Amino acid sequence: VITLYVECRESDTARLLSLPVEVRRPDGVLVTRALAPFVTYLPAGLYYVLSRFPGGEEWYASISRADDKLRHDVVLTGPRPQPVAVRPAPVADPRKGLTPEFDLRWFDGDPLLGKCRTANAPGGGWRDDVVEVDPLKEEAAPSLAQLVQEGRPPLNVALPVVGKKPFTLLTVRLPNGQRSLEVVWAGEDVQRLLAYLDHGMLAEAALLVQAPELALQAPGRDPVTAALVAYVLLRLDKVDSFAGWATGADASAFPLADGSVLRGEYLARTGRHAEALEAFLQLSARGLPLFADGLSLALDRLRTYDRAFKVALAPDRRKAAGELLARLQPFGTFADFDSPLLTFTGSHPNQPDATPLLPNWRPPVVQLWSQLAERFQRDWEYVFGQVHDYATAQFALALGDHPAGLVPAGIYLTELTGNADPVAWAVEHDFPGEPPLFLHALDDVGDDWVKTGAVYLDKRRIVIDPGKLPEGGTHRGFLVTDRTDLVFTVDRAEVFFVRRPAATVAAALPAAELAKHGYYAEAWQRAAGEFTDDTERRAFVLTYVLIGMAQALAAFPTPHSDRVPGLSRDFAELTRERLKHRMRFFVDQLNREDQAP
Amino acid sequence: MGKTRPPRIHALIVGVSYYPHLPGGSGPAAADALGLRQLSSTALTAYRVYQWLRQADAQQRLPGSLASCQLLLSPSAPELQVEPALANPAFGRATRAQFEKAARSWQAAAAEPEDMTWFYFAGHGVRRSRSDMVLLLEDFGAAGPTLACTADLGNLIEGMSPSGARRLARAQLYFVDACRVLPEKFKRYESLQCPPVFDVELEGDDRNLAIYFAALPGRLAYARPGRQTIFSEVLLRCLNEGAGEPGDLGEWSVSTYDLDEALTTLYADFKERGEQHSYRMEGRAAKFPICRLLKPPQVELAFHVDPEEAAAFTRVDLRALPGPGAWTLPTPVRPHPHRLTVQGGFYEVRAAVQPPPRPNYRDLPPDTLLARPPRRAVTVRMSP
């Protein structure tokens, strides 16, 4: 009997690597397969020792019976093995030269909970179509990236921002000319594990998950890596490997919803179905899992519990299973289960679907009005029928294409990014299932606005920089903040608010007005009770007065509207002028307050 | 001491090409055909799989004896012309009623934990989640609920789960040779229920379960009209000579893992050629044997000299270890990469720079490689 010690080292650096190794007889028969470094005991003879890598590379060594040593130390060595994916290796698709019908948007919050919202781009944004994200350095990294391209449904990809390891997001060009998003994980072991799985090298994957670098319960373990390893263990039917983790406090405290799935799946496989269901039901509050495997397992188990009849499940829990299943199913319907991370199509992450973007789509402005005429017509009647749906009707009044519209065109922005689109906004503001609300068209001046950066949003600040406005012409804008929406024209005194007013507009209004007069202006959002001084508080109160006026003003038809029976055009015009006059007064006062020492 | 019964294999094979209620069928038209059409090779495919299984059993290539093998077929007219045996009345029709009866019989037969089951379905399929699918049977589209004449793969798999009261084979293979797309019209069926084939009794589940799908979720499965599905062609190639590794007795055998690796490799070839075929293994598979090979498999080695310019003056020799067999690649190595088919096993590779000497290149020390099916790339690195 000889003692065989095997280790693997990278030839360039002599670095010790944890790699799956096979020991075979000359006729090819497998003697042992283990994760190096390891020690094994063999009858004396000739053996080949090899390590295989995805893509066909192999490291070899042989030990011979001619050598009568009792101990053989074998060092397998070679150039650093590169993880090779079955799928085409992700190659950054340089943004340069791309048509404008391609863009990325960012979201945070959980889609299953309906709380997904537009967010800022992570890190320094795109650089040659690559975003490198280090979750530990990000103040508030988005949890979802959305790829939008003409003629295709927007693709939503969950991002591993809960993890402790950096990752890279690439746009990749597919053979069909479309683009996709690819997350490239940091960590050689994780990449190698994924590559083994991609190549169907399950025996190697089964060994590699035992590597100390991937151990599920290692102190300080990165939760994303831990979840990935746990899913691999499930796939390889090695549930015992994480029994302690799944049944202990680790799974409950796991920062990803995947913890509930993994715990539930473990319990289900061991026959503890009532407990398993409870674990899966936690998704109702925790949201979607990060991994596609998690969604698939949850769907399969919930479907089982929904229809299994010989399982001791309380009726209310079974009902809860059915309800959660109904919420999860749309994500499963539109999911791409070929990706490790949860990936699904949908105009907005909160609403998975497969609706492709129209061929004439161009970010960030969407032509919408024709689809909404009916809705606005209905709301118009609400207003003048004394039904309190001011907000929507005011949209109608503000829209340029409408006969009564005040603003013929506008720029659409949201509170967190100037690159979001109305579809997202509409979903987030409780207009699900309906076409986006506005705008009709972006006039040339407005377009220049965006291009010149005259209006932009810096995190939660609306910044208007008149110095960058194109000279001449009429500058019109349409801003949407997270709590209110603001329509204004810079060359006129009117400042119109639509939708329900809130404290956040308090600063936006004077800023817009200042900008109108050529001052640099910026505004930021404050909730009630967060004022820094009395000046700000007074500005807030005055703004509320203005808001009321703006609402009243907006509720009146415009001079060229003769569609409202029983309303004198002269009266309407007079009222509008009075309101505008009073608004000017308040705006001036606001400006003075704002500039007070 | 109780006697240990040798493992037995129980198979249920279903192939549906002819759908009477879809366009072109002889029955009343389905209220909603969902855009589906008749198929032309899926029943024939199921028959080929059935034939392979019977033959493998006769050759004692399976891990146990084939104790039961039910075949349900709904062939199309062109298939019957190609293979009249499809009309054998001993084979049931792949209707919902016959499927249910056959599945229950299959379940009852596979009543020992050491047994192994095979399931093969070729026909129309609809994806719901990753591993859950609705299998459309011959009478799909008949009067009644839309999914009345279908089978839920998830229910089938759950129903084959052992429970305290029910002993069942613990090694289970499923092959699903069907599309996994979700056409627009199917989306509303997500919430529709298929009538269960089995009552589901859930307990602990320690099965070894391997599910091989002929398509990735959301993708189509393809076939050669009037012949076989692409998946079955590749699968049978793997089970005959295109997969495996040497077993304990020196003979080559194919395990669940080997099959996955070989299928992945061969489907990657499709991808490289720009073809749309895709494949995916699901389930929770430990490694267990599927069959053994009658002889060592043939393996295609693709020799690539790195850098490519060195191919012009490199001599590559290959020698079998142990045993006879030696090859010398032409110098220059053309075509490049140079392909050579050899028997599976260990080989020694030598590479030498042909005169005159080249300052930037050197002869390589002998290297070893294991030729494993279905193919492997061999990189001969000549740079210093």
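**Entry 1: a loop in chain A**

Where in chain A does Ala14(A) sit? I found Ala14(A) in the loop between β1 (2–10) and β2 (16–17) of chain A. I noted a positive phi near 60° for Ala14(A), a residue other than glycine. Most residues other than glycine have a negative phi, and most peptide bonds are trans. I also looked up the exposure of Ala14(A): the residue is partly exposed, with a relative accessible area of 43%. For these words I used under 20% relative accessible area for buried, over 50% for exposed, and in between for partly exposed, with a 1.4 Å probe and protein chains only.

A note to myself on the ground rules. This is a predicted model, where local features need pLDDT of at least 70 and side-chain atom pairs count only at pLDDT 80 or more, while totals for chains, interfaces and linings use all residues. Residues are numbered from 1 along each chain as its sequence is written, chains are lettered from A and ligands numbered from 1 in the order in which they are written, and side-chain values use heavy atoms, with hydrogens and water left out.

Asp237(A) went on my list too, with a positive phi of about 60° although it is not a glycine. I located Asp237(A) in the loop between α3 (223–235) and α4 (243–247) of chain A.

**Entry 2: the two chains**

I counted up chain A next: its secondary structure comes to 17 helices and 23 strands. Of its 597 residues, 58% count as buried. Chain A exposes about 24300 Å², and carbon and sulfur atoms supply 51% of that area. Accessible areas come from the Shrake-Rupley method with a 1.4 Å probe; for residues, only the protein chains shown count as cover. Among the contacts in chain A with a separation of 6 or more, 64% are between residues 24 or more positions apart. A contact means heavy atoms within 4.5 Å.

Then I turned to chain B, which has 6 helices and 19 strands. Of its 384 residues, 58% count as buried. The C-alpha atoms of chain B fill a box of roughly 80 × 60 × 40 Å along the principal axes. For contacts in chain B between residues at least 6 apart in sequence, 74% join residues at least 24 apart.

**Entry 3: helices around α10(A)**

Two packed helices are described by the angle between their axes and the distance between the axes. I took α7 (residues 273–281) and α10 (residues 315–333) of chain A: their axes come within 10 Å and cross at roughly 40°. Axes are lines fitted to C-alpha atoms, for helices over the stretch in contact, and angles run from 0 to 180 degrees between N-to-C directions. α7(A) and α10(A) are therefore oblique to each other; angles under 35 degrees count as roughly parallel, over 145 as roughly antiparallel, 65 to 115 as roughly perpendicular and the rest as oblique. From α7(A), Leu277(A), Glu278(A), Phe280(A) and Leu281(A) meet Arg317(A), Arg318(A), Ala320(A), Ala321(A) and Leu324(A) of α10(A). The residues in this contact of α7(A) with α10(A) are 6 nonpolar, no polar and 3 charged. Here Ala, Val, Leu, Ile, Met, Phe, Trp, Tyr, Cys and Pro are nonpolar, Asp, Glu, Lys and Arg are charged, and the others, Gly among them, are polar.

I also checked α9 (residues 292–307) of chain A, which packs on α10(A) at an angle of about 140°, with the axes 9 Å apart. Residues of α9(A) in the contact include Leu295(A), Ala298(A) and Leu299(A), and those of α10(A) include Leu325(A) and Leu328(A).

**Entry 4: cis bonds and buried residues**

Which peptide bond to Pro307(B) did I find, cis or trans? The bond from Asp306(B) to Pro307(B) is cis, with omega near 0°. Pro307(B) lies in the loop between β13 (298–306) and β14 (314–321) of chain B. Thr331(B) and Pro332(B) are also joined by a cis peptide bond, with omega about -5°.

Thr225(A) is in helix α3 of chain A, and is buried at 2% relative accessible area. Leaving out residues up to four places away in sequence, Thr225(A) touches Lys165(A), Val190(A) and Leu214(A).

Methods: Helices (H or I, at least four residues) and strands (E, at least two) are DSSP runs, numbered from the N terminus.
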